[in-house]
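Open the model in your viewer and keep the sequence panel beside it. The tour below gives one selection at a time and says what is there.

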Amino acid sequence: AEAFGVFQLEALAAGVPVVVPHLGAFPEIIAATGGGLTYPGGDDAALDAALSSLLLDPVRTRAMAAHGHAIATSHYNVEQMARASVALYERCIGDHT
């Protein structure tokens, strides 16, 4: 099982909404981006229902895709991650000097 789910951010950046199990950091990413749905892990009927809900409501699916794309590309991009990494390193170095 993947703890973070980089594939989610890749899909969202490509404008594709995701349907992922409610495990690990998946729900947090969905909540932060609004770019998909979660379902109880291992529940095939719930997965089917989530996928069906997107297939049967293309307007909602397009809106979810657009919102997820906007958030993924503005908040989870290389520049933002680099800034966060540098800030973390600076805090760690500052604590040990």
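## First stop: I71

Select I71: leaving out residues up to four places away in sequence, I71 touches A32, T33 and Y76, where contact means heavy atoms within 4.5 Å. This is a predicted model, in which local features need pLDDT of at least 70 and side-chain atom pairs count only at pLDDT 80 or more, while totals for chains, interfaces and linings use all residues. Residues are numbered from 1 along each chain as its sequence is written, and side-chain values use heavy atoms, with hydrogens and water left out.

I71 lies in helix α4, residues 58-75. Helices (H or I, at least four residues) and strands (E, at least two) are DSSP runs, numbered from the N terminus. With a relative accessible area of 17%, I71 is buried; buried means under 20% relative accessible area, exposed over 50%, and partly exposed in between (1.4 Å probe, protein chains only). A13 and I71 are 58 residues apart along the chain, and their C-alpha atoms are separated by 8.3 Å.

Move to T33, which is found in helix α2, residues 26-33. Is T33 buried or exposed? T33 counts as buried, at 0% relative accessibility. Show its surroundings: not counting residues up to four places away in sequence, T33 touches L12, H67, G68, I71 and Y76.

## Along helix α1

Q8 is in helix α1 and counts as buried at 0% relative accessibility. Setting aside residues up to four places away in sequence, Q8 touches V18, V20, F26, I29 and I30.

Then step past the end of the helix. Just after α1, G15 takes a positive phi of about 80°.

## The aromatic pair

How many aromatic pairs does the count come to? The count comes to 1 aromatic pair. The rule takes rings of Phe, Tyr and Trp (its six-membered ring) whose centres lie within 6.5 Å; planes under 30 degrees apart count as stacked, over 60 as edge-to-face and the rest as tilted.

Select F7 and F26 to see the pair: it is edge-to-face, at 5.7 Å centre to centre with 80° between the planes. F7 lies in helix α1 and F26 in helix α2, so the pair ties together parts that are 19 residues apart in sequence. Colour the two residues by accessibility. F7 counts as partly exposed, at 37% relative accessibility, whereas F26 is buried, with a relative accessible area of 6%.

## Strand β2

Next, select Y39, which lies in strand β2, residues 36-39. At 13% relative accessibility, Y39 counts as buried. Apart from neighbours within four places in sequence, Y39 is in contact with V19, V20, P21, H22, A46 and L47. Draw a distance from Y39 to A49: the C-alpha atoms of these residues, 10 residues apart along the chain, are separated by 8.8 Å.

T38 also lies in strand β2. Its relative accessibility is 30%, and T38 counts as partly exposed. Beyond its neighbours within four places in sequence, T38 is in contact with V20, P21, H22, P27 and I30.

Follow the chain to D43, which lies in the loop between β2 and α3 (44-55). D43 counts as partly exposed, at 32% relative accessibility. A distance drawn from D43 to G68, 25 residues apart along the chain, gives 24 Å between the C-alpha atoms.

## Last stop: a surface patch

Where does I93 lie? I93 is in helix α5, residues 78-95. I93 counts as exposed, at 54% relative accessibility. From T38 to I93, 55 residues apart along the chain, the C-alpha atoms are separated by 38 Å.

L88, Y89 and I93 make a nonpolar surface patch of about 330 Å². Patches are made of residues with over 30% relative accessible area and no salt bridge: like charges are joined within 9 Å, nonpolar side chains (Val, Leu, Ile, Met, Phe, Trp, Tyr) within 5 Å. A salt bridge is a side-chain nitrogen of Lys or Arg within 4 Å of a carboxyl oxygen of Asp or Glu. Accessible areas come from the Shrake-Rupley method with a 1.4 Å probe; for residues, only the protein chains shown count as cover.
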